[in-house]
Amino acid sequence: MAQKPFEELTISDDFMFCKVMEHEFICKEFLEMLFSAKVEKITYLSSQNTVIGNSAAKSVRLDVLIKDMAGRAYDIEMQVSNEYNIPKRMRYYQSILDVAFLDQGYSYKALNDSFVIFICLFDPIGKNRAVYSFENICKEDATIPLQDGTKKIILNANGFKEADNKDLQGFLRYVKTGKVTTDYTRRIEKVMQTIKISEQARKEYRVLPAVIMDAFDEGIEQGKSLGLAEGEARGSRQAKLETAKNLLHFGLSRENIALATGLTKAEVEAL
């Protein structure tokens with residue numbers, strides 16, 4: 001499939017969504033709008049994070065990963081096409097976040113509250129709601145929450161008219177139609193136009209998908225040739241290193257290369 005022209009990217013395109021959300025003031029306002037609560041400060045904000053539980057587990061690439069001053073973690077995903085797997089994907093993303101954030105030796109009590117948020121251009125639940133929020137509660141008594149600190153939220157841009165919050169309605173309308181109707185969407189549109197005149201962003205969009213896919217295929221073949229789980233892990237790491245070398249050649253920053261490959265910044269700097 002031919003790559004969409006850079007100039008035609010909208011907020012619903014994964015690359016542009018991640019670039020826009022890298023701007024802290026846009027991301028912070030989104031969270032405040034969604035939760036109707038003040039977010040004091042974002043302490044960590046990164047896009048396109050590759051998270052791997054272990055060498056045999058399925059890795060995932062998270063669109064936007066955030067932590068706030070209160071220690072809460074947020075994963076925000078943009079989903080354009082319906083692959084009929086959103087609930088199970090949210091379950092897996094939640095588990096991989098917990099594995100990633102709970103260091104060895106720490107108590108389960110150290111797990112931070114976390115939110116997995118999917119912005120969809122379709123209605124994966126089929127009840128024509130703009131917002132679906134899910135938490136674990138007691139089946140026998142719905143007034144008793146499990147209090148495991150997790151929440152999953154699905155935003156249905158297709159049902160933007162059903163949103164009670166006018167700012168959220170305007171955002172979902174913008175995701176679905178591209179129509180600017182609120183101050184927040186005007187700010188997003190302004191950021192998008194800035195990104196579209198950035199030669200660095202244009203280069204990343206052109207280069208990253210092909211290079212990463214080539215390296216991914218190479219890693220699979222190396223793993224198969226070794227024929228062992230250990231060999232697959234070694235092949236995967238070698239693929240990441242080769243990808244990083246290629247991206248360095250194309251002039252991408254070490255920080256962006258680390259995010260794209262899942263390597264640490266120190267590993268990239270050592271190449």
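Residues are numbered from 1 along each chain as its sequence is written, and side-chain values use heavy atoms, with hydrogens and water left out. Because the model is predicted, local features need pLDDT of at least 70 and side-chain atom pairs count only at pLDDT 80 or more, whereas totals for chains, interfaces and linings use all residues. Helices (H or I, at least four residues) and strands (E, at least two) are DSSP runs, numbered from the N terminus.

**Helix packing**

- Two packed helices are described by the angle between their axes and the distance between the axes.
- Axes here are lines fitted to C-alpha atoms, for helices over the stretch in contact, with angles from 0 to 180 degrees between N-to-C directions.
- Helix H4 (residues 166–177) packs on helix H5 (residues 183–196) at an angle of about 40°, and their axes are 9 Å apart.
- Contact (heavy atoms within 4.5 Å) involves Gly-170, Phe-171 and Tyr-174 of H4, together with Tyr-184, Thr-185, Ile-188, Glu-189 and Met-192 of H5.
- Helix H2 (residues 24–35) and H5 cross at roughly 155°, their axes coming within 11 Å.
- H2 and H5 are therefore roughly antiparallel, a term for angles over 145 degrees.
- On the H2 side, Phe-25, Ile-26, Glu-29, Phe-30 and Met-33 meet Tyr-184, Arg-187, Ile-188 and Val-191 of H5.
- The residues of this H2–H5 contact comprise 7 nonpolar, no polar and 2 charged; Ala, Val, Leu, Ile, Met, Phe, Trp, Tyr, Cys and Pro count as nonpolar, Asp, Glu, Lys and Arg as charged, and the others, Gly among them, as polar.

**Strand pairing and burial**

- Strands pair if DSSP finds at least two bridges between them.
- Strand S2 (residues 60–68) runs antiparallel to strand S3 (residues 73–79), joined by 4 bridges, and Val-64 has Ile-76 in S3 as its bridge partner.
- The hairpin of S2 and S3 has 4 residues between the strands, and Gly-71 takes a positive phi near 90°.
- Of the 9 residues of S2, 7 are buried (under 20% relative accessible area, 1.4 Å probe, protein chains only).
- Strand S4 (residues 114–120) has 7 of its 7 residues buried.
- S4 is parallel to S3 over 7 bridges, with Tyr-74 opposite Phe-115.
- S4 also pairs in the parallel sense with strand S6 (residues 150–156) over 7 bridges, where Ser-114 stands opposite Thr-150.

**A buried lysine**

- Lys-240 lies in helix H7 (residues 229–249) and is buried, with a relative accessible area of 18%.
- The C-alpha atoms of Lys-240 and Thr-261 are separated by 5.6 Å, although these residues are 21 residues apart along the chain.

Terms used. Parallel < 35°, antiparallel > 145°, perpendicular 65-115°, else oblique. Buried < 20%, exposed > 50% of the residue type's maximum accessible area, 1.4 Å probe, protein only.
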